[in-house]
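Here are some exercises to work through with the model open beside you. Try each task before you read its solution.

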Amino acid sequence: MTDYDFPDTLIAAQRAYWDADRRVHELVATLPPSLEMTDEQHAELTRLRAARLEALEVRDQHPWWGGTGQRYVRQMALREAARGTAG
């Protein structure tokens, strides 16, 4: 476990990012080369990438981070906590 007490909203934000990232990768795996993509496929990819970016921003701009140090260590602990906590 971790030495940090992460708020549920931050755990949810980490999971939302992972989910959005997974959806982008799943779609990309099914798409033809970019020059052969339909407008609908391109729009869906753009939408999913925007959702992934939004999830990343929510996670990274969460007030819990504050101005304290060791951001990398805390990010790794968040990932561990998000994986280990039942959702």
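**Exercise 1.** Which residues does Tyr17 touch, not counting residues up to four places away in sequence?

*Solution.* Keep in mind that this is a predicted model. Start by placing the residue: Tyr17 is found in helix 1. Next, list its partners, leaving out residues up to four places away in sequence: Tyr17 touches Arg52, Ala55, Leu56 and Arg59. Then check its surface: the cut-off for buried is under 20% relative accessible area, and Tyr17, at 18%, therefore counts as buried. Finally, for a sense of distance, take Phe6: Tyr17 and Phe6 lie 11 residues apart in sequence, and 16 Å separate their C-alpha atoms in space.

**Exercise 2.** Against which helices do the buried residues of helix 1 pack?

*Solution.* First, collect the buried residues of helix 1: Leu10, Ile11, Ala13, Gln14, Tyr17, Ala20, Asp21, Val24 and Leu27. Now look at what they meet: these buried residues pack against helix 2 (39–60) and helix 3 (71–84).

**Exercise 3.** Describe how helix 1 and helix 2 are arranged.

*Solution.* Two packed helices are described by the angle between their axes and the distance between the axes. Here the axes of helix 1 and helix 2 come within 8 Å and cross at roughly 160°. Angles over 145 degrees count as roughly antiparallel, so helix 1 is roughly antiparallel to helix 2. The crossing of helix 1 past helix 2 is left-handed. Residues making the contact include Leu10, Tyr17, Val24 and Val28 of helix 1 and Leu45, Leu48, Ala55 and Arg59 of helix 2.

**Exercise 4.** Is Arg59 buried or exposed, and which residues does Arg59 touch beyond four places in sequence?

*Solution.* Arg59 lies in helix 2. Its relative accessible area is 6%, so Arg59 is buried. Setting aside residues up to four places away, Arg59 touches Leu10, Ala13, Gln14, Tyr17, Trp65, Leu78 and Arg79.

**Exercise 5.** Which residues make up the largest nonpolar core?

*Solution.* The largest nonpolar core has eight residues: Phe6, Leu10, Ile11, Trp65, Ala77, Leu78, Ala81 and Ala82. Helix 1 and helix 3 are the elements that give two or more residues to this core. Helix 3 provides the largest share, four residues. Now follow one member: leaving aside neighbours within four places in sequence, Phe6 is in contact with Ile11, Trp64, Arg74, Ala77, Leu78 and Ala81. Another core, of six residues, lies apart from the largest one, and among its members are Val24, Leu27, Met37 and Leu45.

**Exercise 6.** Where is Ala82 placed, and what is in contact with Ala82 beyond four places in sequence?

*Solution.* Ala82 sits in helix 3. Its relative accessibility is 4%, so Ala82 counts as buried. With neighbours within four places left aside, the contacts of Ala82 are Ile11, Gln14, Arg15 and Trp18.

Methods
Residues are numbered from 1 along each chain as its sequence is written. This is a predicted model: local features need pLDDT of at least 70, side-chain atom pairs count only at pLDDT 80 or more; totals for chains, interfaces and linings use all residues. Side-chain values use heavy atoms; hydrogens and water are left out. Buried means under 20% relative accessible area, exposed over 50%, partly exposed in between (1.4 Å probe, protein chains only). Contact means heavy atoms within 4.5 Å. A nonpolar core is a set of buried Ala, Val, Leu, Ile, Met, Phe, Trp, Tyr and Cys residues joined through side-chain atoms within 4.5 Å. Axes are lines fitted to C-alpha atoms, for helices over the stretch in contact, and angles run from 0 to 180 degrees between N-to-C directions. Angles under 35 degrees count as roughly parallel, over 145 as roughly antiparallel, 65 to 115 as roughly perpendicular and the rest as oblique. A crossing is left-handed if the near helix is turned anticlockwise from the far one by less than a right angle, and right-handed if clockwise.
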